[in-house]
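Here is a short note to read alongside the structure. Please keep the model open while going through the points.

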Amino acid sequence: MVGMVVVFGVVGCAAFQPPELAPPGTSVGDSNEGWLEAGVLVPDRGDGFRAYRERERRYGSRRLTEVLEETAGWLQERWDGATLWIGDLSARSGGAVAGHHSHRAGRDVDLLFFTTSADGSAGRRARFMRFGEDGLAVGVAGPVSLDLERNWALVAHLLEEYPQDVQWIFVSHGVKAALLTYALESGASLDTVERAVSVLHQPSDSAPHDDHFHVRLYCSADDLPYGCADRPPIWPWVRRGFDRLEHAPTDDAVLLELALGEM
Ligand SMILES: [Zn+2]
């Protein structure tokens, strides 16, 4: 026992530098296996948004909470009274969240669709409803449709304002088709539509997401020095490498990706 202590002492003292502590709101590791350093709480409500899940599941990285609050405020300015319903983010320290494979590192968030009722009123309460390619809710009393204008505005804003951040917006094939059709018919920017073709995606390994969006952000430049790790793909418009970093990366996956070039 004494011998072991001596060995550790000799090996450990010479070169060991304790890692700098990650600041609050730093995302560490990846969405499926990582964690979150003192996550930032999304409040019950704010300009243009309301939260519909318990606070234990509403902590995000600094970047994700900034993006959400700005986006909700932007939507509300354009559509008076628009409410973005924000669901699960992550636990305060990240890690497993019941009901999700991911949501572990503060970079995932579920958002309800904007909906319109038969009388034209916007959806005023949080409610999961499944939608088909025709944009109509399945299995609810009375016709409720996707508010394609607002849902597309949400997607386009994320892609245009945060192109370096948004990796995925998980959504079903049907809702994706409805959104892209609307975007093309309404004269949306073709660059944005092209990005949306990649970023809007029905996941193959989880629910089809026909009742909500699930947005995932890449690691921010502030997260990367502390071991934040992105899984592929890295979209062609996303700048990767040392130009995104203030410090050299320390994470194996990031180093490997840099060594192998763009993925
Ligand atoms: Zn989700």
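1. Is Glu 69 buried or exposed, or partly exposed? Glu 69 is partly exposed, because its relative accessible area is 39%. Buried means under 20%, exposed over 50%, and partly exposed in between (1.4 Å probe, protein chains only). Glu 69 sits in helix 2.

2. A word on the basis. This is a predicted model, where local features need pLDDT of at least 70, side-chain atom pairs count only at pLDDT 80 or more, and totals for chains, interfaces and linings use all residues. Residues are numbered from 1 along each chain as its sequence is written, and side-chain values use heavy atoms, without hydrogens and water.

3. The overall build comes next. The protein has six helices and 15 strands. These are DSSP runs, numbered from the N terminus: helices are H or I with at least four residues, strands E with at least two. Of its 263 residues, 49% count as buried.

4. Now the surface charge. A patch of negative charge gathers Asp 47, Glu 69, Glu 70, Glu 77, Glu 160, Glu 161, Asp 191 and Glu 194. Helix 2 (62–78), helix 3 (148–161) and helix 5 (190–199) each give two or more residues to this negative patch. Helix 2 supplies the largest share, three residues. Patch members have over 30% relative accessible area and no salt bridge, with like charges joined within 9 Å. A salt bridge is a side-chain nitrogen of Lys or Arg within 4 Å of a carboxyl oxygen of Asp or Glu.

5. Last, His 173. This residue belongs to helix 4 (residues 173–185). His 173 is exposed, because its relative accessible area is 55%. Its C-alpha atom is separated by 8.6 Å from that of Leu 200, 27 residues apart along the chain.

Note on methods: Patch = residues over 30% accessible without salt bridge, like charges linked within 9 Å, V, L, I, M, F, W, Y side chains within 5 Å. Areas by Shrake-Rupley, 256 points an atom, 1.4 Å probe, with all protein chains shown as cover. Lys, Arg positive; Asp, Glu negative; His and termini not counted. Charge placed at Lys NZ, Arg CZ, Asp CG, Glu CD.
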